Amino acid sequence: MNLIDIVDQAFANEQVASYPQFKAGDTITVTFKIKEGDKYRLQKFKGVVIQIKGSTPATRTFTIRKVSNGVGVERIIPFQSPSIDSIELNKVGKVRRARIFYLRNLSGKKARIKEKKFAVKEVSAE
């Protein structure tokens, strides 16, 4: 392993640390850098996380699913991917499983995931 590989690996770990914490059932938007010729453009992929797989940071991946024009589209993305520009957490879902593959067989309103409610404490100004 040469010095360039070590620096790339350290930079990738910093990039992964900047991602928000998410789990299965959450809705996220992943922005990818796509190279076309000599130009780059950004493309967003918004969907539900159906699984997170892998234990070591180098092999860790997550799968996102969305329905586009009535067709289910799944994308498996490594956490260490250099093509990821940013990840944004849109909704925190309330599910009871780590891998929600049952979502593949559901459609319409049955495919919705309940959103987690957060209690907000009110502070009196006395």
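Reply: A residue is called buried when its relative accessible area is under 20%, and exposed when that value is over 50%. The model shown here is predicted, and in it Thr31, which lies in strand S1, has a relative accessible area of 6%, so Thr31 counts as buried.

Me: Which residues is Thr31 in contact with, once its neighbours within four places in sequence are left aside?

Reply: Contact is counted between heavy atoms within 4.5 Å. On that basis Thr31 touches Leu42, Gln43 and Lys44, and also Ser83, Ile84, Asp85 and Ser86. Leu42 is 11 residues away from Thr31 in sequence, while their C-alpha atoms are 6.3 Å apart in space. Ser86 is also the bridge partner of Thr31 in S5.

Me: How many bridges link strand S1 and S5, and in what order do the strands of the sheet run?

Reply: Strands are taken to pair if at least two bridges are found between them. S1, residues 27–36, and S5 share six bridges in the antiparallel sense, within an open, antiparallel sheet of five strands ordered S4-S3-S2-S1-S5. Strand S4 (71–78) and strand S5 (84–91) form the edges, each pairing on one side only, and the twist from one strand to the next averages 40°.

Me: Is Thr29 buried or exposed, and what does its side chain make a polar contact with?

Reply: Thr29, also in strand S1, is buried because its relative accessibility is 7%, and its side chain makes a polar contact of 2.7 Å with the side chain of Asn90. Beyond its neighbours within four places in sequence, Thr29 has contacts that include Lys44, Phe45 and Ile87.

How values were computed: Residues numbered from 1 in each chain as written. Predicted model: local features only at pLDDT ≥ 70, side-chain atom pairs only at ≥ 80, totals over all residues. Heavy atoms only, no water. Helix = DSSP H or I, 4+ residues; strand = E, 2+ residues; numbered from the N terminus. Axes fitted to C-alpha atoms, helices over the stretch in contact; angles between N-to-C directions. Buried < 20%, exposed > 50% of the residue type's maximum accessible area, 1.4 Å probe, protein only. Polar contact = N/O pair within 3.5 Å; in protein donor to acceptor, adjacent residues only side chain to side chain.
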